[in-house]
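Thanks for coming. I have one structure to go through today, and I will keep to what can be read from its atoms.

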Amino acid sequence: VNKKFKMAEIDSLIDVVNAALRRLPGSPNTGGMGGAGGGDTSLPDDVLSTLKFIADRMVGIGLMIFSSDKKILHINSAMEEFTGIRNDGAKDQLISAVARDAAFVSFTDDVLGRASGSFEPIAENFEFSGSEFKLECVALGPAGSTKAYILTAVKPS
């Protein structure tokens, strides 16, 4: 994951994600032989735990973590506030099953789809309850073998 984000607040998140991805079996930086470019699209538990830990400590920045099959793995409290989707009822669900706003469902499906084939973050503006937010989505993992998606939301100053 590169640092093309213009949000210094998530630079530490990007560093943690990159460090975790380098430790994956088969990563070009580890010399391992497992999983590289193969069909394994699951996010290791230790990486997911680290991402959840960071997400829950972010203040004012909404963050959702999706699995490779686009099911919700985690929603932090800021994103719960912005979207009205509660983490405890959304785990392992598709966004279409838990979101009340059809526009947000379509928007999320679109950005996740565009992010999966790109190394660049996908950035768009979206309005929640009359307030505009900048949402950015990035896919984690090598091209063609996405491990997870991270969707962030920030209210512009």
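Predicted model: local features only at pLDDT ≥ 70, side-chain atom pairs only at ≥ 80, totals over all residues.

One pairing in more detail. β1 and β5, where β5 covers residues 148–154, run antiparallel and are joined by 7 bridges. Within that pairing, Ile-65 has Ile-150 of β5 as its bridge partner.

Next, the helices on the sheet.

Now the nonpolar cores. The largest has 28 residues. Which of its members touch the most others? Those are Met-64, Ile-95, Phe-104, Leu-135 and Leu-151. At least two residues of this core come from each of β1, β2, α3 (77–83), α5 (95–98), α6, β3, β4 and β5. The largest share is that of α6, with 6 residues. There is also a second, separate core of 20 residues, and its members include Ala-20, Ile-54, Leu-63 and Ile-65. Ile-65 is the residue I mentioned as the bridge partner of Ile-150.

Setting aside neighbours within four places in sequence, Phe-104 is in contact with Met-64, Thr-83, Ile-85, Ile-95, Ala-99, Phe-126, Phe-128, Leu-135 and Leu-151. Among these, Met-64, Ile-95, Leu-135 and Leu-151 are on the list of core members with the most contacts inside the core.

His-74 sits in strand β2. Is His-74 buried or exposed? Its relative accessibility is 5%, and the cut-off for buried is under 20%, so His-74 counts as buried. Its side chain makes a polar contact of 2.7 Å with the side chain of Asp-56. Beyond four places in sequence, His-74 touches Lys-52, Ala-55, Asp-56, Leu-63, Met-64, Ile-65 and Asn-87.

Asn-76 is in the loop between β2 and α3. With a relative accessibility of 1%, Asn-76 is also buried. What lies close to the polar atoms of its side chain? One such atom is 3.0 Å from the backbone oxygen of Ala-55, and the backbone nitrogen of Leu-63 lies 2.9 Å from a polar atom of the Asn-76 side chain. Leaving out residues up to four places away, Asn-76 touches Ala-55, Asp-56, Met-58, Ile-61, Gly-62 and Leu-63.

The side chain of Asn-125 makes a polar contact with that of Glu-132, at 3.1 Å. Besides Glu-132, Asn-125 touches Phe-107, Phe-133 and Lys-134, again not counting residues up to four places away. Asn-125 and Val-154 are 29 residues apart along the chain, and their C-alpha atoms are separated by 9.5 Å.

Last, the backbone. Which residues other than glycine have a positive phi? Lys-70 is one of them, with a phi near 65°. Lys-70 belongs to the loop between β1 (61–67) and β2 (72–75), and at 27% relative accessibility it is partly exposed. Ser-129 is another, with a phi of about 45°. Ser-129 lies in the loop between β3 (122–128) and β4 (131–140). The relative accessible area of Ser-129 is 77%, so Ser-129 is exposed.

That is what I have; questions are welcome.

Key:
Residues numbered from 1 in each chain as written. Heavy atoms only, no water. Helix = DSSP H or I, 4+ residues; strand = E, 2+ residues; numbered from the N terminus. Buried < 20%, exposed > 50% of the residue type's maximum accessible area, 1.4 Å probe, protein only. Pairing = 2+ DSSP bridges. Polar contact = N/O pair within 3.5 Å; in protein donor to acceptor, adjacent residues only side chain to side chain. Contact = heavy atoms within 4.5 Å. Core = buried A, V, L, I, M, F, W, Y, C linked by side-chain atoms within 4.5 Å.
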